[in-house]
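Have the sequence and the 3D view open side by side, and let's walk through this one together.

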Amino acid sequence: MTLFDLVPTLGRSHPVALEPGLWPRSARMTDTADLVVGGVSLIALARTRGTPLHVLDLGEVDRRVGLLRAALPEAEIAYACKALLCRGLVRRLDALGCALDVCSGGEAAVAEAAGFPAARMIMHGTAKTTADVGRPVGRIVLDRPDEPLPPARAQRVLLRIAPEVDARTHPKITTGTGAQQFGVPLAEAEDAVGALLARPGAHLVGLHCHLGSQVFAVDAYEEAARRMVRLLGRVRERYGLTLGELDLGGGLGVPYLPGDADFDLAGYARRVLVALAYESAKAGLPRPRLTVEPGRWVVGPAGVALYRVAAVKGRFVVVDGGMSDNPRPALYGARYHARLVGRRSTAVLVAHTVVGRHCEAADVLADVPLPADLRPGDLLAVPVTGAYQLSMASNYNAVGRPPLVAVHDGSHRLLLRRERAADLLRRDVG
């Protein structure tokens, strides 16, 4: 959806109700225009914690993991840490029985610091270093047969395959075709398995694929499942080896703008499970143990960001955050919704472009109708900010990264503190 799709709403006053499908299930607007999430006033949090401020509703995380378990009761749910990672979230996911998909030794170190069991970690990465694989994990997903492995121990591994399935998502977040740099092309997969079986210390237990991010095409996941099970059948025919694990990756999409469709989780589960059962029976294979790796789908809709309006310059609304705490719009044109919170407005809605504080024309967060009387000091709330904002945040312009506060059942606690100038200077040793 673009700003032009929203034009029919212009001229109306700011709506009281929250836009459906974009906010945590616990979110509500009060009569005083306070935004309450997880039983906590976000206006009060902004007063005490400052802005920009990122908030994570742990109850929404719990709810979404529960939905995944209900849809895929026998599957391993491996949370993709690249979406958002901190020790408090890791402990929550541990209590929920999730595995973790880590993409570097650094992500593994955060999980270790939170006491997460190494046996439930899966190590990813297209160019893993010896330092990365030196940390103990349960399984390593090899992007190619000759990737580094721990030198002193046998290691359970999966081989990543590009199944040549187009997920019909943005080209910059598509990863399941041979046109990208990820995994072994499907046509070369059997030879790659043979090369891996000849490697000392590598204990091949299964195959892996990942189609991309922000994927809504359920049929693409079904086709990937079919192709991967057929490959398992060919591996058994050629090498006499039955691999018991199949990791279909993650990438489940979430809505970001009013009117966006949600991901069809029930349809996804039904079609993938039927495909696994059918193709396994057809090949005479036991059905492989399924692993899925949702990240964005778990934490994205659990997040809300708050920004303070610094200036209103015609149609441009300048806020005190931007591409340093949310680079996705600059990277691949992602757009967000935003709404005024903290005060009521009866002014008509006018098309605005919300921009950040950085000296880049690409620092644009949202094209959205906002009240005509918007003024400096107002608060804007942005939903669906739990994934890939803080994990991709930078210190561009030497701006400190914002804090992350968890809310749940009327209480709140700091997960990540605000970065100060002293934090930046600690790295500057010259």
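What follows is a guided tour of sheets, helices and charged pairs. Keep in mind that the model is a predicted one.

Three strands form an open sheet in the order 1-2-3, with antiparallel pairing. Strand 1 (28-29) and strand 3 (40-41) are the edge strands, each with a single partner strand, so one side of each has no neighbour in the sheet. Strand 2 and strand 3 run antiparallel and are joined by two bridges. Val36 sits in strand 2 (residues 35-37), and its bridge partner in strand 3 is Ser41. Is Val36 buried or exposed? Val36 counts as buried because its relative accessibility is 8%, and buried here means under 20%. Setting aside residues up to four places away in sequence, Val36 touches Ser26, Ala27, Arg28, Thr30 and Ser41.

Ser41 also leads us into the next element. Ser41 caps the N-terminal end of helix 1, with a side-chain oxygen 3.4 Å from the backbone nitrogen of Ile43. Within helix 1 (residues 42-49), the buried residues are Leu42, Ile43, Leu45 and Ala46. These residues lie on the same side of helix 1 because they cover an arc of only 160 degrees around the axis. Turn to the other side of helix 1 and you will find Arg47 and Thr48 exposed. After helix 1 comes Gly50, with a positive phi near 80 degrees.

The buried residues of helix 4 (residues 105-113) are Gly105, Glu107, Ala108 and Ala111. Their arc around the axis is only 160 degrees, which means that they are on the same side of helix 4. What lies over them? The cover for the buried residues of helix 4 includes helix 3 (87-95), strand 6 (99-102), strand 7 (121-123) and helix 5 (130-134). At the start of helix 4, a side-chain oxygen of Ser104 comes within 3.3 Å of the backbone nitrogen of Gly106. Just after helix 4, Gly115 has a positive phi of about 80 degrees.

Further along the chain, another set of paired strands comes into view. Strands of a sheet pair through backbone hydrogen bonds, in either a parallel or an antiparallel way. Strand 14 (residues 303-313) pairs with strand 15 (residues 316-319) in the antiparallel sense, over four bridges. Val312 has Val317 in strand 15 as its bridge partner. The hairpin of these two strands has two residues between the strands, and Gly314 there takes a positive phi near 65 degrees. Strand 15 also runs parallel to strand 17 (residues 349-355), joined by three bridges; here Phe316 stands opposite Thr353. Strand 17 in turn pairs with strand 18 in the antiparallel sense over seven bridges, with Val350 partnered by Leu370. Strand 18 (residues 364-371) is mostly covered, with seven of its eight residues buried.

Now for the charged residues. Side chains of opposite charge can pair when their charged atoms come close. The whole structure holds 28 salt bridges. One of them joins Glu60 to Arg64, with the closest N and O atoms 3.3 Å apart. Both residues lie in helix 2 (residues 58-71), four residues apart, which is about one turn of the helix. Glu60 is buried, at a relative accessible area of 3%, and Arg64 is buried too, at 5%.

Another salt bridge pairs Asp378 with Arg343, with the closest N and O atoms 2.8 Å apart. This pair links distant parts of the chain: Asp378 is in the loop between strand 18 and strand 19 (379-383), and Arg343 is in the loop between strand 16 (339-341) and strand 17, 35 residues apart. Both Asp378 and Arg343 are buried.

Let's finish with a contrast. Arg328, in helix 10 (residues 328-332), is buried yet has no salt bridge. How far away is the nearest side chain of opposite charge? That side chain belongs to Asp260, and it is 9.5 Å away. Beyond its neighbours within four places in sequence, the contacts of Arg328 include Tyr256, Arg296, Tyr336, Tyr388 and Met392.

Note on methods:
Residues numbered from 1 in each chain as written. Predicted model: local features only at pLDDT ≥ 70, side-chain atom pairs only at ≥ 80, totals over all residues. Heavy atoms only, no water. Buried < 20%, exposed > 50% of the residue type's maximum accessible area, 1.4 Å probe, protein only. Arc of directions from axis to C-beta. Contact = heavy atoms within 4.5 Å. Polar contact = N/O pair within 3.5 Å; in protein donor to acceptor, adjacent residues only side chain to side chain. Pairing = 2+ DSSP bridges. Lys, Arg positive; Asp, Glu negative; His and termini not counted. Salt bridge = Lys/Arg side-chain N within 4 Å of Asp/Glu carboxyl O.
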